[in-house]
Amino acid sequence: MRAGEEGGDRRRGQLRSDRKPLRQLVSPIMSEPRTPEPALNVQGDSPTGTRDEDAADGTQHSQRMLNFSDALLSIIATVMILPVTHTEISPEQQFDKSVQKLLATRIAVYLMTFLIVTVAWAAHTRLFQVVGKIDDTLALLNLACMMTITFLPYTFSLMVAFPEVPLGIFLFCVCVIAIGAVQALIVVYAFSFPHLLNPQVGRAAPRGLCRQHILRIVLRGPALCFLAAGFSLFFYPVSYVLMATVIFLPYINKAASWCRDRLLGPRESPAHSVEFFTFDLQEPLSKERVEAFSDGVYAIVATLLILDICEDNVPDSKDVEERFHGSLVAALSVYGPHFLAYFGSFATVGLLWFAHHSLFLHVRKATQSMGLLNTLSLAFVGGLPLAYQQTSAFAQQPRDELESVRVSCAIIFFASIFQFAMWTAALLHEAETLQPPARFGGREHAFMFAKLALYPCASLLAFASTCFLSRFSTAIFHLMQIAVPFAFLLLRLLVRLALALLRALRGLARPAQGIEEAPRAPLLPTPC
């Protein structure tokens, strides 16, 4: 027995020794996906193990600088609304057509400049997909670019205050040209030191061809602004048209390429293509980068609301002593409508962010059309401080409350309807853009539809109600501000009740159809 056991042990040991080479051969293959190569991705992230090596050669990864730039650009884009919100309308001045035209012109200029800043943000993000690492020179060049961008709100204030004087337009265009020039310097410097580039760029095409392709795209917008600056000196309306063209230039180029391919046939791709690593403003940005910029805009808008409260609603000590006999409570009660408008506006900003957050929880990939619709939604979200200014002025200008309510409803409607349009655009390509629960027939589809449709329906209903009940316009608007948050709390329950009701109605309709079709059943051919 002992000899048999020893023989069995020897055989098992031999089998284990035979399996060992196979395990050694298979284990590297099986473990290969768990230990990817240390390579940069398009956002500038890096493996932790390479950071010490980067510090040794004087380079660093660009992720923190990108976060700083995103925060700064979202602030700059949002504070563009301040010159519009500070439009002075005296209590004696009626909300007539001249005031409406002034406000509409300022809002239009604000939307244009907001979109131009978002184009600059997209170009900056694309640029630092190419530049994987930075050194001190690139960091200083980026700071020069950010400094120029921070000057844009001042030039916009000049454009708003003096719309017919070309200096404001000229300075705005000069700033955009300077931003493009600094970005071109970043491209040239990074390509002069290839270790700063993303490794994918070297595999995409010869570096000279890739640099030429990127420079052509980076300088496209500044070239149009150079023409706009020239036209501003003698015919400024053309300048506005050229600046608006900067916003839609990627889409114009895409439409032109499509028309050219239709007329002349598709062009042959060159031997060295740059398509492996795409650098074009018409390509969608990453979902994470869109979320970060959007969160920055929502946060700054919410902050601007409380700044107005702190600036305009703190009573003067002399007024408290003279008018209210030292009672601070009585002095603060005068500002009751302002605080009501603040809480309503903050709830609107917060719930719009909540809807945006819920949407992007189910988004897998942001397409080009979704990026454009998100930018338009953020532009109107940036206008919510204007809605706060309009609703907080009800007590001082009660005769203009109808127009103020309609302006506020319009801003909320457009901010929310572009969110709903973004959801619709995602559904058109749901296989690649949405998670399975949010697609047609998914368990979250009906709930997301109701959540994103709530604010467009509520604001449109409030706007329409003021046409028939103009005397109660203020009460209607405040009712909407109070009802919508409670509707959000009860939304899932209401959606379930609505779906249950639809199923019950469908169940009642099916027996009726069976009764109608029963007499004709014998006449039908018997199925095989």
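**Aromatic pairs and a helix contact**

F414 is partly exposed, with a relative accessible area of 35%. This residue belongs to a predicted model. Its ring pairs with that of F380: the centres are 5.1 Å apart and the planes stand at 25 degrees, so the pair is stacked. F380 lies in helix 17 (residues 368–381) and F414 in helix 19, so the pair ties together parts that are 34 residues apart in sequence. F380 itself is buried, at 17% relative accessible area.

Helix 19 has another partner. The helix spans residues 401–428 and packs with helix 22 (residues 473–489). The angle is about 30 degrees, and the axes are 9 Å apart. Angles under 35 degrees count as roughly parallel, and helix 19 and helix 22 are therefore roughly parallel to each other. The crossing is left-handed. Helix 19 makes the contact with E401, L402, V405, S408, C409 and I412. Helix 22 contributes S473, T474, F477 and M480. Of the residues in this contact, six are nonpolar, three polar and one charged.

Now back to the rings. The whole structure holds 15 aromatic pairs. One of them joins Y342 and F346, with ring centres 6.1 Å apart and planes at 45 degrees, so this pair is tilted. Both residues sit in helix 16 (residues 336–361). They are four residues apart, which means a separation of about one helical turn. Y342 counts as buried, at 13% relative accessibility. F346 is partly exposed, with a relative accessible area of 39%.

Note on methods. Residues numbered from 1 in each chain as written. Predicted model: local features only at pLDDT ≥ 70, side-chain atom pairs only at ≥ 80, totals over all residues. Heavy atoms only, no water. Axes fitted to C-alpha atoms, helices over the stretch in contact; angles between N-to-C directions. Helix = DSSP H or I, 4+ residues; strand = E, 2+ residues; numbered from the N terminus. Parallel < 35°, antiparallel > 145°, perpendicular 65-115°, else oblique. Left-handed = near helix turned anticlockwise from the far one by under 90°. Contact = heavy atoms within 4.5 Å. Nonpolar A, V, L, I, M, F, W, Y, C, P; charged D, E, K, R; others polar. Phe/Tyr/Trp six-rings, centres within 6.5 Å; stacked < 30°, edge-to-face > 60°. Buried < 20%, exposed > 50% of the residue type's maximum accessible area, 1.4 Å probe, protein only.
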